[in-house]
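I opened a new page for this protein.

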Amino acid sequence: MGIFDSMRGDSQRIHIIIRGRIGDEWRDIDTHLRVPKGTTLGRLVEVADSAGIPLRDALEKSPHLTDTMMLNGERCPFVENSERKLADGDEIYLLAPLAGG
């Protein structure tokens, strides 16, 4: 996506936050990604992967995050919402637990 795509309105900006221990690594990611309009939550995982953002890695290495994913501050389980279309300015937040219970 280039600068002219965003000027034409063909894309939207999604905020991605991934924090906590994911697998054996500590992640602290706070970034924005431009995606085509109409991108679903499921497709976002693929686009983020292509952009070097470890969203897929986080969901695969910490499967509980598929149930605790947040979209704009509300719980949004991934499997049930994978076909949900994203909107410009949406925020995806994955917070891995810091300690066991």
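This is a predicted model: local features need pLDDT of at least 70, side-chain atom pairs count only at pLDDT 80 or more; totals for chains, interfaces and linings use all residues.

**Entry 1**

I started with helix H2, residues 41-50, and listed its buried residues: Leu-41, Gly-42, Leu-44, Val-45, Val-47 and Ala-48. Buried means under 20% relative accessible area, exposed means over 50%, and partly exposed lies in between, with a 1.4 Å probe and protein chains only. Helices (H or I, at least four residues) and strands (E, at least two) are DSSP runs, numbered from the N terminus.

Residues are numbered from 1 along each chain as its sequence is written, and side-chain values use heavy atoms, with hydrogens and water left out.

What covers the buried residues of H2? I found that the cover includes strands E1 (11-22), E2 (25-36) and E5 (91-95), along with helices H3 (55-61) and H5 (78-81). Contact here means heavy atoms within 4.5 Å.

I then checked the direction of the helix. H2 lies across E1, E2 and E5, and runs at about 110 degrees to E2. Axes are lines fitted to C-alpha atoms, for helices over the stretch in contact, and angles run from 0 to 180 degrees between N-to-C directions. After H2 comes Gly-52, with a positive phi near 80 degrees.

**Entry 2: the whole chain**

I stepped back and counted 5 helices and 5 strands. Along the sequence the pattern reads α-β-β-α-α-α-β-β-α-β. Of the 101 residues, 41% are buried. I also looked at contacts with a separation of 6 or more: residues 24 or more positions apart account for 56% of them.

**Entry 3: the sheet**

In what order do the strands stand? I read E2-E1-E5-E3-E4, an open sheet of 5 strands with mixed pairing. E2 and strand E4 (74-75) are at the edges with a single partner strand each, so one side of each has no neighbour in the sheet. Two strands pair if DSSP finds at least two bridges between them.

I followed E1 and E2, which pair in the antiparallel sense over 12 bridges. Ser-11 stands opposite Pro-36 in E2. These two are 25 residues apart in sequence, yet 4.3 Å apart in space, C-alpha to C-alpha. Pro-36 is partly exposed, at 34% relative accessible area.

**Entry 4: salt bridges**

How many salt bridges does a search of the whole structure find? I got 7. A salt bridge is a side-chain nitrogen of Lys or Arg within 4 Å of a carboxyl oxygen of Asp or Glu.

The pair I took up next was Asp-30 and Arg-19, which meet at 3.6 Å, N to O. Asp-30 is in strand E2 and Arg-19 in strand E1, 11 residues apart. Both side chains belong to partly exposed residues: Asp-30 has a relative accessible area of 44%, and Arg-19 has 27%.

Then I went back to H2. Glu-46 forms a salt bridge with Arg-43, the closest N and O atoms being 2.7 Å apart. The two are 3 residues apart in the helix, about one turn. An α-helix has 3.6 residues a turn, so residues three or four places apart point the same way. Glu-46 is partly exposed at 37%, and Arg-43 is partly exposed at 41%.

Helix H3 holds another pair, Asp-57 and Lys-61, 4 residues apart and separated by about one helical turn. Their closest N and O atoms are 3.4 Å apart. Asp-57 is partly exposed at 21%, and Lys-61 is partly exposed at 43%.

**Entry 5: a network, and Arg-27**

I traced a network of salt bridges linking Glu-25, Arg-27, Asp-57 and Lys-61. Is Arg-27 buried or exposed? Arg-27 is buried, with a relative accessible area of 16%. Its place is in strand E2.

A polar contact of 2.9 Å joins the side chains of Arg-27 and Asp-57. A polar contact is a pair of N or O atoms within 3.5 Å; within protein, one must be able to donate a hydrogen and the other to accept it, and residues adjacent in sequence count only if both atoms are side-chain atoms. Leaving out residues up to four places away in sequence, Arg-27 touches Ile-18, Arg-19, Gly-20, Ile-22, Pro-54 and Asp-57.
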